[in-house]
Amino acid sequence: MRTGLSQDLIARVLGAAPKYTIAELEEKFPPRTLPDGAMVTRFAPSPTGFMHLGNLYSGLIDYKLAQQSNGVFMLRIEDTDTKREIKEAVGIVIDSLAKFGITYNNDETYGPYYQSQRKDIYHSVAAELLRNGRAYPCFLSQEEMDEIRENQKAAGFATGIYGEFARYRDITPDEIIEHLDNGEVPSIRLYSTGDPNKRIFFKDTVRGSISVPENNEDIVLIKSTDRLPTYHFAHLCDDHFMRVTHVVRGEEYFGTVALHIQMFNMMGWKLPNYIHTATLDKIDEETGKQRKMSKRKDPENNVAFFMQEGWPTDALIEYLGNILAPGYEEAKLKGAVKNFWEYEMKPKKIPMSGGLFDMKKLEWWAKEYIGAMSVSDLVKSVATWANEYGDEKQKMQVADIDYLTAVLSIERDNPKRIRKDFITWKQTLAIEEFFWDELFVPNAEYKYNADVLRAFLETFDIADNKDTWWNKIVAVAEKFGVKNGDVAMDLRVALSGRTNTPDLYSIMQVMGADRVVKRIKALL
RNA sequence: GGUCCCAUCGUCUAGAGGUCAGGACAUCGGAUUCUCAUUCCGGUAACAUGGGUUCGAUUCCCAUUGGGACUGCCA
């Protein structure tokens, strides 16, 4: 610990006098009164322009934990990196959460929720640290730091500003004033007294007891460039004053826990529970090796991709839910719960090893999910998607809701025989295209038996029930000495242009007599 | 290089000091069906390696190997 700075100097160092004392902040953001066991969590993305799967994954844990414990789930925007900020980004996050049914509760009492608007809080805490000698103003320039790092690397030392490399660690008030008079803006650094030879122990909710070396780096608390806090300092201030009980974050933060514990201890604040989640991986198509999902190479890493492609958002929730709460799938298959929200996840069971994102399994969840939908819900989902994301063709397909409903009703009446070939809204429309004359592509490759088609047409009556209809097909087959299936195939291809379709009778019923006759005649 | 985390079928996982190591997806085979999709039945498939501890280890400990994260005035 070093000698603290005077109030005047603190005001000069920070650019302005701090607005609050710690006691005032404690009063302004009182401990929450919640039922026992209630968890307070937050989803805290930095607005980088899009939401990726990892975001959704950890946000889902946050939300679920709060939801099942009658706690509070907040959305906090970590917009302290002014260099990388992107305008539309926050809207994308909010919109994505809404689409996945994740709602947050940003109570005014604990706001504001944009870190860029919480400067007063950070500066007030920093002032306290400056006052009691736990932090100091640092005037190291970017060039100096680069040089220090290069030298450290060359000498084989750990990089960073610590010990002898922390040149301004013991700067005196007079020297500070000198730099200030010079027009320099300092960063505020932690005055670390940690000893890397000593170890610090903590409990991670997922990984259990962990021991790491103490932190000895004089990490930056307040940046000189914009006087905004770094992630570490914002984490300390925000998660304390927002009264967060469980901090869910990616494992990339694992290495900085020692620092965070150090800061919480320094302030005498209660450490939140930490849940460090594993990254979502995929197999690289080129190398065949497992790796972290990447923004550049993997379009499916962007949740916007799933919405554009029309994946049922709930299916994605189910899939992700089963990953973060192993056992959910079994519970659902057994009928113990209806959906992920009903399943109680155990924080301790969140997997700690990297999971491969498995598109095949996602497809399965999607098929199951759509298979369980009512026709009207299915129609609604498909139409809503087409109107928001679809092209002209897809919008046309959903224009006539009655016809769309008829098309999508095929093979959905028998609960044991629900077709499971729908995966996404987009793909659903695509495989049904032949029902629309504008999109129907006759099959020119297929060798039709014109006699069969002609014979079928002669007896065809749209009013026939399925048995009568089938008997007529059998009769045609006998007449020409071909198999029943061959007749059906001729008709199938004639009507749909495809060799694979759902129930033929249903198709004809939905298409209507005119369309059936017209398409067959076109081949004669 | 340093610090830290992880390791059960192809994938996601369950599991306990003694189990035929269980499930799901994928895959393969069979039955049903006018094709496809369904549905039903069945099969293949795993405890990374080496040392300990123990009557006994895949389970506990150590090492090795492999994978991952971090090592920024980014979060």
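Domain 2 and domain 3 bury about 910 Å² between them, with 66% of it on carbon and sulfur atoms. Buried area here is the accessible area (1.4 Å probe) that two parts lose on being put together, summed over both. This is a predicted model: local features need pLDDT of at least 70, side-chain atom pairs count only at pLDDT 80 or more, and totals for chains, interfaces and linings use all residues. Residues are numbered from 1 along each chain as its sequence is written, chains are lettered from A in the order in which they are written, and side-chain values use heavy atoms, leaving out hydrogens and water.

**Select the domains.** In chain A, colour domain 1 (7-25 + 119-277), domain 2 (375-435) and domain 3 (450-521). These bounds come from an automatic or database domain assignment. The centres of domain 2 and domain 3, taken over C-alpha atoms, are 24 Å apart. Ten residues from domain 2 and twelve residues from domain 3 make the contact (heavy atoms within 4.5 Å).

**Select I410, F434 and F435.** In domain 2, these lose the most area to domain 3. Together they account for 59% of what that side buries.

**Select α16 (401-409) and α17 (425-431).** Each supplies at least two residues of the domain 2 side that touches domain 3. The largest share, three residues, comes from α16. Helices are DSSP runs (H or I, at least four residues), numbered from the N terminus.
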